[in-house]
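Take a look at the structure below.

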Amino acid sequence: MTWWEVVHHIDDTCGQEKDFILLLAQEHKEAASRIIRDALTVDRQIGDIMLQGKIRGVEATFFCNGKLILKGLGSRDALEAFLQQLFG
Amino acid sequence: MDIARVRADFPILSRSINGRPLAYLDNAATTQKPESVLKAVDGFYRTSNANIHRGVHTLAEEATKIYEEAHEKTAVFIGARSWREIVFVRNTTEALNLAAHSVTAKYLNPGDEILLTRMDHHSNLIPWLLAAEIRGVKTVMAGVKPDGTLDVDDFRSKLGPNVKVAAFSHVSNVTGWISPVADLIRWTHEAGALAVVDGAQAVPHLNVDVAALDADFYAFSGHKMLAPMGIGVLYGKADHLRHMPPFLGGGDMLETLSVKGNACSLCLKELPWKFEAGTANVGGAVGLVAAMDYLNAVGWEAIIAHERALTRLALECLGRMKHVRVYGPEDPDARVGCVPFTVEGFSPNETATALDAEGIAIRSGFHCAQPLHQSLGLPSSARMSFYFYNTQDEVRRALEVLDRLR
């Protein structure tokens, strides 16, 4: 499983924050969700809607519908390097 | 208004998202389409599809009649004096680009000024900035108040002798604020300038009368008022349009093109065709007519009252949430159903994604209004926007999720 198989779509968010929103591929959603949950240091949980915390020092919010928001990575290259480390 | 009956007309509203019923609260971005619009567009392509004008066959004549009648019905819908003042374009952005290009080319000279506002959508800023640069014209920017509404005193004070055009929104696409558009137009005229109005968020929600407003130009999109994407309108006073050069050149916009040696001479068609080069979006125009018929059948009084009730509910409940900050005027009657907000501890993108997880569609980001966000000191915002097919239950569902975000 490689990151480009796991991630179905990457959206650059609109706004000054320049975060990334990732949508997990349906066929790898379960396995990828497990990896994300294992790597996520949870700071806050909002019911069954979302988990907010950090993955490898990067601010991350993981949603029940398989979306992942990553903050502060700055560039697409940094995002890809991060995903490579996370998913392979 | 029988809301259940209205909602039954919109097939998409019965969809589920993430296992929950869809609550579509992103109407300032685009609206959903009723069955009558879908059927009208489908029917056109099934029975009457042909390219318009200069076709002698029956289908071409039918399509031409349908398309020309769509101009007439649009003129009636917005109170234009003549159907020739209605130019069909793709959307508000194209309408404002047309206005900016052609008005600047005809009426502006180096040293002149264009007055813009920090409240406006990029669609009513960038075309003017581009046109001003090409023409060597200056732009001046009116500011906003702390609540994000236009500082009308600043606007008025900047209507100096060099201002030849003022371009502004009737309704803000971020705060939903209904500007005193008639006053803005009157002051603009008193300063000897032309008034160009972005009506993208007004025409879907208010009963607009362009002739009564005395706007020189007024732009709006079909897709924000139940019609398909790809059809929009630029209204312009005939006297202005007649003297302005076209924005696009091509087929169906000229009477004759004659070439003698290297010399070419063009004779443009009468209004509005000289501004409608190329194959028209006849299917879109058919959808626009069906959309206007639908809105007229529901009735403006009912639409406005229903949207105000939804806005009031949202503002009252959000106002009680200490972790939520709402932007725009406090008075629900001063805005259409459009409510921007931020939630403490969550980015607008997180907020919107959290709502999406619960089947609720809202928008996050700049909403194509970066100068307004800069003025408000916001990196971005979340925005709920309602239409007459939304229910109080849908708004409450969104509010319940927001209440949990703390």
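Two strands count as paired if DSSP finds at least two bridges between them. Helices (H or I, at least four residues) and strands (E, at least two) are DSSP runs, numbered from the N terminus. The model is predicted: local features need pLDDT of at least 70, side-chain atom pairs count only at pLDDT 80 or more, and totals for chains, interfaces and linings use all residues. Residues are numbered from 1 along each chain as its sequence is written, while chains are lettered from A and ligands numbered from 1 in the order in which they are written.

Start in chain B. Strands β14(B) and β17(B) pair in the antiparallel sense, over four bridges. Here B:P340 stands opposite B:R383 of β17(B). Strand β16 (residues 363-365) of chain B also runs antiparallel to β17(B), joined by three bridges. B:R363, too, stands opposite B:R383 in β17(B).

How many residues of β17(B) are buried? A residue is buried if 20 or more other C-beta atoms lie within 10 Å of its own, exposed if 12 or fewer, and partly exposed in between, with C-beta atoms placed from the backbone. Five of the five residues of β17(B) are buried, so the strand is largely enclosed by the rest of the structure. B:S381, B:R383 and B:S385 point one way, B:A382 and B:M384 the other way.

Now turn to helix α11 (residues 300-320) of chain B. It has 21 residues and reaches 30 Å from its first C-alpha to its last. That is close to the 30 Å expected at 1.5 Å a residue, where the expected span is 1.5 Å times one less than the number of residues. Buried in α11(B) are B:I303, B:H306, B:E307, B:L310, B:T311 and B:A314. They cover an arc of only 130 degrees around the axis, which puts them on the same side of α11(B). The arc is that of the directions from the helix axis to the C-beta atoms. An α-helix has 3.6 residues a turn, so residues three or four places apart point the same way. On the other side of α11(B), B:E301, B:A305, B:E316, B:G319 and B:R320 are exposed.

What do the buried residues of α11(B) pack against? Their partners are α10 (282-298), β14 (338-343), β17 (381-385) and α14 (392-404) of chain B. Contact requires C-beta atoms, placed from the backbone, within 7 Å.

Another covered strand is β10 (residues 232-236) of chain B, with five of its five residues buried. B:G232, B:L234 and B:G236 lie on one side, B:V233 and B:Y235 on the other. Strand β4 (residues 86-89) of chain B runs antiparallel to β10(B), with four bridges. Strand β9 (residues 217-221) of chain B pairs with β10(B) in the antiparallel sense over five bridges. B:L234 is the bridge partner of B:V87 and also of B:A219.

Chain A has an open sheet of six strands, in the order β1-β2-β6-β5-β4-β3, with antiparallel pairing. Its edge strands are β1 (7-12) and β3 (40-46) of chain A, each pairing on one side only. Within the sheet, β4 (residues 50-55) of chain A and β5(A) pair over six bridges. A:I55 stands opposite A:V58 in β5(A).

Finally, the contact between the chains takes 17 residues from chain A and 17 residues from chain B. On the side of chain A that touches chain B, β5 (58-63) and β6 (67-71) of chain A are the elements that give two or more residues.

Terms used
Two residues are in contact if their C-beta atoms, placed from the backbone, lie within 7 Å.
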